[in-house]
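I opened this notebook to record what I looked up in the coordinates, entry by entry.

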Amino acid sequence: MLRDRIKTALAALSPLEITETDHAKKGYDLDVQVSPDQVPAAAEAIRQEEFFIEAVTGVDWFGEQAAIVAEAAKVKAAAAKKAAAAAAAAAEAGGEAVPPAPAPEAPAEEAELLPDVMEVVYDFSHYQENCRVVVRTRVPRDNPELPTISSIFQGANWHERETHDFFGIRFLGHPDLTPLLLPEDADFHPLLKDFKA
Amino acid sequence: MGGYFKEIFDGVHSLVTGMGVTLKYLFQPVVTEQYPYVAPTMPDRFRGHIELVGDEETGATKCIVCGMCQKACPSGCITVAGEKVEGVKGKVLTKYDLDFTKCSLCGICVESCKPGAITFSKEYNLAGLRKEAYIYDLKKRLEERKR
Amino acid sequence: MSEMACDKHKETFVLNMGPQHPATHGVLRVKLVMDGEYIVEAEPVLGYIHRMHEKMGENRTWAQFMPNMGRLDYLGALSYNHGYAAAVERAAGIAVPERAEYIRVMTVELNRISSHLLWMGAYLLDLGGFTPLLYAFDDREKILDMLERVTGSRLTYCYFRFGGLYNDVDDQFLAEAKGFVARLRSRLPMYHTLVTKNVILMQRLKGIGVIDADMCRRYGVTGPVARGSGLNYDVRKNEPYSVYPQFDFDVPVYTEGDSMARYMVRMDEIEQSLRIVEQAIDGLPDGPVMAEKVPKIVKPPKGDYYHAVEAARGSFGVRLVSNGTNTPYRMKLRSPTYSNLSLLAEVAKGVTVADAVAFMGSLDLVIPEIDR
């Protein structure tokens, strides 16, 4: 089956993550997470199986890392509170007999705040079989660069230009990254989450 | 050589049969709506700009100033204001402005209105030279209609 | 592009087709480097009607974005309504009552017919034939009147809701639709006598703008353009959604890949859409047109979702990224003509301007949908 074939082909590239998804729930069959420099190889493997390119787009995960850190701190605080409450409850119930619970881990080792990322999402579909493949990769938000696939799928040319317009993601080796949908002198990227008109 | 003449014959034949179709149409009645002379009637569900609905008996507005339409509008073209009046339960409508220049006639406001205080008008003949002409004071329009 | 035009030894010149040109059907501009009457290079310049719908989506609630769908492809707005509603329903896990889906299919197919009729009229107008436009508009007007009675608008429909429809259809609509199916069926042979068999049309379309299957694949071409190149790809069949599997219809495929093939695909599609409408009217089940358990404020769970539908021009896809709130986090709208137009540069090389017009028209361009 096509889905298994493409899964094996992509797994051979040793991607970061490869998961089969439920088409009825998600709308696609295969979700592949690769590193930015693996994108052309993945696209080539997908082209070999005669997929066509549906779209290329970006997602700006601005503030995601801060949220992760905040969430981690919250979980930790909740755990500490729970432990303290349990200790107190135990102390109340058992009187002096129970030794006090060990103090929760020192709050010093806070989760590290990593730089934010942008995600580039490639959608592929097939003319004969019902199989959609999503390839995603993450590039740092302050220096978003990754190789182009416009020499593999010519249709990616415009999609990558559009992604550059909207997010400022640079596709290395792209023939022409001048604004396509935005005005030709545009120096802003409207789909960035910190963009204010 | 035979193919050449056949091509000419087929081509002329196709043109003549096509002309036959148009000729037939020449003697058929006109299907175009003669618009300025015959005004079209709008169907019940036609979505013109919104209008306040008056109560059948008193003619007063049904609006309870809940602000749901204002919140629901994707383009932010509705401004509703009300005030407390002694002896009346809830708020009393003081202002209902519609900025029709931004309205896309989607009808989400009418759907969101619980008391059924707004409806679509059947107006389609709108023309004006100034933007201000399309900022409607719906409360005033309702009062004018009452008279 | 500019290098070629600047070269003094080559007698080339730049010709701007558009942004105000009747044959570009809107505000598309094509920069052409010409060598006499032949095109050396063609470069579409987009963005004249770019409105950043994707950013708009991030600034309003899921339900408030629905009216925008009518502004993308204004000729096939209901397919876009369907695509967006289906995507959000998939994300939020809302089941749609069968009657609602039947009515959706019925109205979408009527909308498809009206879109194809308008395309046919406008395309033949590009090629110099004025009469077919008037006949096509006569038929299209009937559809617009029917849909206006049901949806409340004639062009920029906003009829579908998450979990169902704005309101139900009545018996008059069903009777009118049935009458229309019979009417258009009886008129299709007339169109073929008037247009399809016309020798001038054949001379201008046959062998012009040939696209092969491999080119389709490289550029991501879908819809009637792909089907005119021998690819049997229709989202309604390949990735069944809604109640389409319950209907019996064929996907017209032509292998020539030229403008004539694309013309024939669309003409045959009108017939197939009539079949679907007819079956939907006959099999329309009773019941509600709105799901019972639709939350007042839709909040799809975190994650990303994709849903594609077959619009009049090809596969329209919505990629949603939800962060669990009442506004979308990211909304990607994949419009079919954007991909379909991107191959213009490759196909237009070495053809005359008149043939380029015949080719561009056969792509069925709707510029607001390309620019979004």
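Entry 1, domains of chain A. I take domain bounds from an automatic or database domain assignment. For chain A that assignment gives domain 1 (2-61 + 116-172) and domain 2 (63-115). Before going further I note that this is a predicted model, in which local features need pLDDT of at least 70 and side-chain atom pairs count only at pLDDT 80 or more, while totals for chains, interfaces and linings use all residues. Residues are numbered from 1 along each chain as its sequence is written, and chains are lettered from A and ligands numbered from 1 in the order in which they are written.

I then looked up how the two domains of chain A meet, counting two residues as in contact if their C-beta atoms, placed from the backbone, lie within 7 Å. Five residues of domain 1 of chain A are in contact with four residues of domain 2 of chain A. On the domain 1 side of chain A I find two nonpolar, no polar and three charged residues, where Ala, Val, Leu, Ile, Met, Phe, Trp, Tyr, Cys and Pro count as nonpolar, Asp, Glu, Lys and Arg as charged, and the others, Gly among them, as polar.

Helices (H or I, at least four residues) and strands (E, at least two) are DSSP runs, numbered from the N terminus. On that basis chain A has five helices and seven strands, and along the sequence they follow the pattern α-β-α-β-α-β-α-β-β-β-α-β. I call a residue buried if 20 or more other C-beta atoms, placed from the backbone, lie within 10 Å of its own; buried residues make up 35% of the 197 residues in chain A. Of the contacts in chain A with a separation of 6 or more, 64% are between residues 24 or more positions apart.

Axes are lines fitted to C-alpha atoms, for helices over the stretch in contact, and angles run from 0 to 180 degrees between N-to-C directions. The axes of helix H1 (residues 2-11) of chain A and helix H3 (residues 39-48) of chain A come within 10 Å and cross at roughly 150°. H1(A) and H3(A) are therefore roughly antiparallel to each other, a label used for angles over 145 degrees, with roughly parallel kept for those under 35. The contact involves A:Ile6, A:Ala9 and A:Leu10 of H1(A) and A:Ala42, A:Ala45, A:Ile46 and A:Gln48 of H3(A). By class, the residues of this contact of H1(A) with H3(A) are six nonpolar, one polar and no charged.

Helix H12 (residues 259-282) of chain C packs against helix H15 (residues 353-362) of chain C at an angle of about 30°, their axes 9 Å apart. That makes H12(C) roughly parallel to H15(C). Here C:Ser259, C:Arg262 and C:Tyr263 in H12(C) meet C:Ala358, C:Phe359 and C:Ser362 in H15(C), and these residues divide into three nonpolar, two polar and one charged.

The assignment gives domain 1 (2-45) and domain 2 (53-371) of chain C, with 30 Å between their centres, taken over C-alpha atoms. Twelve residues of domain 1 of chain C are in contact with 18 residues of domain 2 of chain C.

How many residues of chain B are in contact with chain C? I find 19 residues of chain B in contact with 19 residues of chain C. Helix H1 (residues 2-26) of chain B gives the most to that side of chain B, with eight residues.

Terms used
Angles under 35 degrees count as roughly parallel, over 145 as roughly antiparallel, 65 to 115 as roughly perpendicular and the rest as oblique. A residue is buried if 20 or more other C-beta atoms lie within 10 Å of its own, exposed if 12 or fewer, and partly exposed in between; C-beta atoms are placed from the backbone.
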